[in-house]
Amino acid sequence: MSKMADRYENQAPEKLQGKYQAMVVCCILGIGSLVSWNSMLTIADYYYQVFPDYHPSRVLTLVYQPFALGTIVILAYHESKINTRKRNLIGYILFTISTFLLIVLDLATKGRGGIGPYIGLCAVVASFGLADATVQGGMIGDLSLMCPELVQSFMGGLAVAGALTSALRLITKAAFEKTNDGLRKGAMMFLAISTFIEFLCVMLYAYVFPKLPIVKYYRRKAASEGSKTVSADLAAAGIQNQSDLTDDDSKNQRLSNKELLIQNIDYAVNLFLIYVCTLSIFPGFLYENTGQHGLGAWYALVLVAMYNCWDSVGRYTPLVKWLKIENRKLITIAVLSRYLLIPAFYFTAKYGDQGWMIMLVSVLGLTNGHLTVCILTTAPNGYKGPEQNALGNLLVIFLLGGIFAGVALDWLWLIGKKNAF
């Protein structure tokens with residue numbers, strides 16, 4: 001074992017080679033794992049026009065989440081036996097096909113509403129849920145055994161996807177607003193761009209990412225610590241001979257998923273609570289509960305854009321050393337204090353003006369991004385490669401569980417409203 005350790009100590013230069021290329025690729029892969037779903041949320045105003053009676057932003061989110069959560073639980077349970085390369089490629093290919101199917105569905109129905117097209121839309125959204133769980137758990141698990149900057153870049157990419165879709169949505173709304181059928185043209189353009197980004201992710205993950213020196217270094221290191229999940233990636237990078245890396249059983253001993261979860265339960269619960277709070281407000285409340293304002297039809301889009309931009313900023317702030325929270329108690333205090341935002345949103349929607357609402361949405365986004373990255377980059381520290389991969393998968397279960405619970409609680413805002421259901 002000491003010989004193996006020496007071998008990696010002496011390879012420090014390779015560890016740093018290609019780091020910035022890897023961060024850029026991780027950011028694009030992060031964008032790809034959320035851009036399709038964000039496009040769905042961002043063109044919700046189009047779906048509200050086509051399906052006015054079906055609460056699209058709330059229902060579609062509720063369809064998406066059980067599939068995402070169910071899939072990630074199954075995949076995380078079998079994580080140590082799953083070929084990570086195949087898993088991530090299947091996820092990105094499924095995203096590409098599903099996004100393209102949304103365009104096909106709209107063209108086939110000529111943009112008409114009704115229950116049939118709505119069921120078709122829900123089916124595509126369910127496949128987004130499957131793809132999301134496949135990619136997010138796979139990528140975060142895979143990147144957890146590398147340096148924290150790569151996890152941070154991937155998570156940053158998730159938020160950039162939101163900011164990008166919001167910016168594009170505002171541009172397409174302005175460009176097509178006066179044209180005939182403008183909302184539909186903007187929505188179709190959106191989905192076409194998303195399909196292209198998903199296809200780009202398939203190519204990047206298949207041919208570029210495994211060949212970067214820093215990625216090869218960490219995957220070899222994980223294999224030396226008993227990881228079986230990286231073997232296909234090493235083969236793709238042209239490293240065939242792993243027999244010396246994985247045969248020794250003494251290296252294959254690792255903490256079980258249960259032990260890992262017990263040691264990191266505070267991180268897991270905090271991730272759950274972050275997303276319960278965020279998704280109980282965003283996006284359903286912003287689309288349906290903010291009343292009439294001077295910005296009219298632009299109001300919800302501006303709020304969603306502000307959330308996405310600040311979420312994106314929040315995911316990069318932990319790169320500043322003194323802003324990154326690594327103390328476990330401080331993380332818990334910060335997560336719990338976010339719940340003060342719920343009454344703040346309620347009273348601002350009732351009595352405040354749009355300036356206050358924009359400020360609150362910005363705080364919601366900033367804290368969401370910052371705390372997520374602090375947890376996901378701090379938790380894997382000190383574990384071996386296979387344990388880091390497993391822990392990354394376990395944390396994504398709680399993240400998606402929080403999103404699901406938040407989406408369900410989002411319906412509570414409708415209680416007491418006339419014609420709410």
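Author: Let us start with burial: a residue is buried under 20% relative accessible area, exposed over 50% and partly exposed in between, using a 1.4 Å probe and protein chains only. The model is a predicted one, in which local features need pLDDT of at least 70 and side-chain atom pairs count only at pLDDT 80 or more, while totals for chains, interfaces and linings use all residues. Residues are numbered from 1 along each chain as its sequence is written, and side-chain values use heavy atoms, with hydrogens and water left out.

Reader: Why is Lys-19 called buried?

Author: Its relative accessible area is 18%, and because the label applies under 20%, Lys-19 counts as buried.

Reader: What makes the pair of Lys-19 and Glu-149 a polar contact?

Author: The term asks for a pair of N or O atoms within 3.5 Å, where within protein one must be able to donate a hydrogen and the other to accept it, and residues adjacent in sequence count only if both atoms are side-chain atoms. The side chains of Lys-19 and Glu-149 make such a contact at 3.2 Å.

Reader: How do you know that Arg-328 and Asp-266 meet in a salt bridge?

Author: A salt bridge needs a side-chain nitrogen of Lys or Arg within 4 Å of a carboxyl oxygen of Asp or Glu, and this pair has N to O at 2.8 Å.

Reader: Why is Arg-328 called partly exposed?

Author: Arg-328 has 34% relative accessibility, so it counts as partly exposed.
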